[in-house]
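Colleague: Could you give me a close account of one part of this model and of what surrounds it? Please state the cut-offs behind each term as you come to it.

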Amino acid sequence: MTPRILHCWLTVAALLVAGVVAAQPAVPAEGHETEAETMARCLAELASPDVQARRRAILVIGKYENPAAEAALLLSLRDEDAMVRRSALVSFSERRGMPQHAGPDILALLADPDVHIRRIASSMLPEVLLGTRLARPPQGVVVAGRPPVVAVPQANPVLEQLNRALDDPDPIVVKNVLAAAAAAPGELDPDKVRNCLANPDREVRVMALQSIRELPVRKEQELADRLAPLTGDRDDIVRRELAATLARCGAAGLPGLRLLAEDPVPAVRLEAGRQLALMQDESAPTVLARLLTDPAVDPDARAQLVNQLVILELPLGDLLRQLAAEGPAVLRAAAVRALGNPRLPGQPPPPAFF
């Protein structure tokens with residue numbers, strides 16, 4: 001610890017302790033320290049060049065909830081020792097409410113060299129982002145009677161820190177950042193998110209696909225090309241999420257969806273077929289007919305698909321009559337309800353059918 005930092009520590013410690021002492025006039029029992037005395041001792045140790053002393057001190061200070069302790073924890077987030085930083089960060093994470101002014105220092109720890117610190121800091125992102133300004137600066141100012149003045153775009157440091165964390169080699173950090181993206185919808189860098197599609201961790205790939213669905217799509221073919229390799233992903237959950245994401249690519253996503261409609265896993269085929277139907281693709285009737293008569297597909301899932309067919313108004317009356325006459329009861333019931341819906345294309349069955 002440099003003399004300048006040590007001097008700052010001692011000055012802050014003296015001021016804080018003075019405030020605590022003034023607020024704690026109680027006389028301690030013999031042989032016991034008051035809170036003010038304990039804080040004074042720990043603050044002095046926290047200013048020590050002895051790393052072990054600082055480690056002991058921050059563990060004690062973290063148990064107190066007063067302005068002096070909070071200020072000491074905040075300064076300790078920048079300590080040169082990883083154990084001191086980690087202890088201070090854990091103390092903030094365990095508090096009932098994290099002070100908003102601690103947000104910038106916690107965000108800075110997303111780039112900490114210690115992976116455990118990065119994991120803890122990223123797990124705190126939802127609470128940190130709620131109290132952090134994410135709005136971008138205005139891009140221009142219009143004044144009546146004058147030409148518009150275009151402002152120079154400025155980078156948002158919070159978003160920069162979040163996007164850099166998406167490159168973290170640790171999958172837990174990346175997952176925490178993607179999970180916190182709900183507090184910054186549409187603000188993550190699309191290229192950074194798409195790079196996560198190649199992450200070896202299955203959950204990262206799944207969360208990246210889910211995040212992509214929340215981002216604006218400007219180049220549908222380019223996105224479809226980035227997603228295409230995942231049709232051969234080894235994980236069926238990734239392929240199922242891929243089907244829902246390919247639908248965001250419009251016509252460019254249809255080849256991938258048609259391929260997934262032939263997937264060996266029923267849940268993947270089901271999601272791909274549902275998306276093809278929603279997009280009114282010409283292959284949808286054939287794909288849906290296979291799904292609805294496939295015994296490998298869960299009956300409840302097939303029944304739910306029948307309920308959606310009525311909304312889509314696809315010409316599947318003959319297939320529904322077949323389903324109403326045979327198969328699992330839940331599927332027969334769904335088919336009967338669909339046939340009785342006036343929105344179903346074609347001639348409805350006669351009353352005797354019901």
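Modeller: A residue is called buried when its relative accessible area is under 20%, exposed when it is over 50% and partly exposed in between (1.4 Å probe, protein chains only). The model is predicted, so local features require pLDDT of at least 70 and side-chain atom pairs pLDDT 80 or more, whereas totals for chains, interfaces and linings use all residues. Residues are numbered from 1 along each chain as its sequence is written, and side-chain values rest on heavy atoms, without hydrogens or water.

Helix α14 spans residues 236-246, and eight of its 11 residues are buried, so the rest of the structure largely encloses it. The buried residues comprise Val-238, Arg-239, Glu-241, Leu-242, Ala-243, Ala-244, Thr-245 and Leu-246. Their cover includes α12 (202-212), α13 (220-227), α15 (254-260) and α16; contact here means heavy atoms within 4.5 Å. Where α14 starts, the backbone nitrogen of Ile-237 has a side-chain oxygen of Asp-235 within 2.9 Å.

The axes of α16 (residues 266-278) and α17 (residues 284-292) come within 9 Å and cross at roughly 145°; axes are lines fitted to C-alpha atoms over the stretch in contact, with angles from 0 to 180 degrees between N-to-C directions. On the α16 side the contact is made by Arg-269, Leu-270, Gly-273, Leu-276 and Ala-277, and on the α17 side by Ala-284, Val-287, Leu-288 and Leu-291. Seven of these residues are nonpolar, one is polar and one is charged (Ala, Val, Leu, Ile, Met, Phe, Trp, Tyr, Cys and Pro are nonpolar; Asp, Glu, Lys and Arg charged; the others, including Gly, polar).

Burial also applies to individual residues elsewhere. Cys-249 is buried, at a relative accessible area of 0%, and Cys-42 is likewise buried, at 1%. Asp-168, in the loop between α9 (157-165) and α10 (171-179), is buried with a relative accessible area of 11%. Its side chain and that of Arg-118 are joined by a polar contact of 2.5 Å (N or O atoms within 3.5 Å, one able to donate a hydrogen and the other to accept it; sequence neighbours count only if both atoms are side-chain atoms). A polar atom of the Asp-168 side chain also lies 2.7 Å from the backbone nitrogen of Asp-170. Leaving aside residues up to four places away in sequence, Asp-168 touches Leu-110, Arg-118, Val-173 and Val-174.

Methods. Helices (H or I, at least four residues) and strands (E, at least two) are DSSP runs, numbered from the N terminus.
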